Amino acid sequence: MQVFGYSMHFDPEAIQDLILQLDYPYTQGSQDSALLQLVEIRDRVNRLSPPGQQSLDLFSCLLRHRLKLSTTEVVRILAALQAFSAKQPNPMEYETTKLCI
């Protein structure tokens with residue numbers, strides 16, 4: 001995947017597998033692991049945003065357009081990531097400018 005002149009390896013099947021683990025967790029640990037990996041992917045993708053006052057939400061665009069997820073699915077995934085992040089020690093507010101929802 002290439003955005004604003006920067007590139008990053010993109011494995012759509014791996015991301016789809018992580019999203020499936022959110023819906024059908026085998027154990028709580030596997031769901032937490034999937035959420036942690038999705039948070040990492042979200043952070044890496046959104047770091048590709050051009051410099052500015054606020055980062056662009058490129059992760060939502062990736063989910064919506066590259067993985068062809070519905071708006072409802074994207075909102076559900078983002079809500080799960082936000083809830084997971086809020087439970088972590090020293091939670092940080094994650095503010096981005098929405099582009100694709």
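Guide: Two residues are in contact when heavy atoms of one lie within 4.5 Å of heavy atoms of the other. This is a predicted model, in which local features need pLDDT of at least 70 and side-chain atom pairs count only at pLDDT 80 or more, while totals for chains, interfaces and linings use all residues. Residues are numbered from 1 along each chain as its sequence is written, and side-chain values use heavy atoms, with hydrogens and water left out.

Visitor: Leaving aside neighbours within four places in sequence, which residues is isoleucine 15 in contact with?

Guide: With those neighbours set aside, isoleucine 15 is in contact with Phe10, Leu38, Ile41, Leu62, Leu63 and Leu67.

Visitor: How many residues does the largest nonpolar core have?

Guide: In soluble globular proteins, nonpolar side chains tend to be buried together. A nonpolar core is a set of buried Ala, Val, Leu, Ile, Met, Phe, Trp, Tyr and Cys residues joined through side-chain atoms within 4.5 Å. Here the largest one has 24 residues, and those with the most contacts inside it are Ile15, Ile19, Leu38, Phe59, Leu63, Leu67 and Leu81. H1, H2, H3 and H4 are the elements that give it two or more residues. H2 gives the most, with six residues.

Visitor: How many salt bridges does the structure hold?

Guide: Side chains of opposite charge can pair when their charged atoms come close. The criterion is a side-chain nitrogen of Lys or Arg within 4 Å of a carboxyl oxygen of Asp or Glu. The structure holds four salt bridges. One of them joins aspartate 23 to arginine 76, with the closest N and O atoms 2.8 Å apart. Aspartate 23 lies in helix H1 (residues 12-23) and arginine 76 in helix H4 (residues 71-87), so this pair ties together parts 53 residues apart in sequence. Aspartate 23 is partly exposed at a relative accessible area of 35%, and arginine 76 is also partly exposed, at 35%.

Visitor: Where do glutamate 40 and arginine 44 lie?

Guide: Both are in helix H2 (residues 28-46), four residues apart, about one turn of the helix. Glutamate 40 is partly exposed at 39%, as is arginine 44 at 45%.

Visitor: Is arginine 42 buried or exposed?

Guide: Arginine 42 is buried, with a relative accessible area of 8%. Its side chain meets that of aspartate 43 in a salt bridge (3.5 Å, N to O). Aspartate 43 is partly exposed at 22%.

Methods:
Buried means under 20% relative accessible area, exposed over 50%, partly exposed in between (1.4 Å probe, protein chains only).
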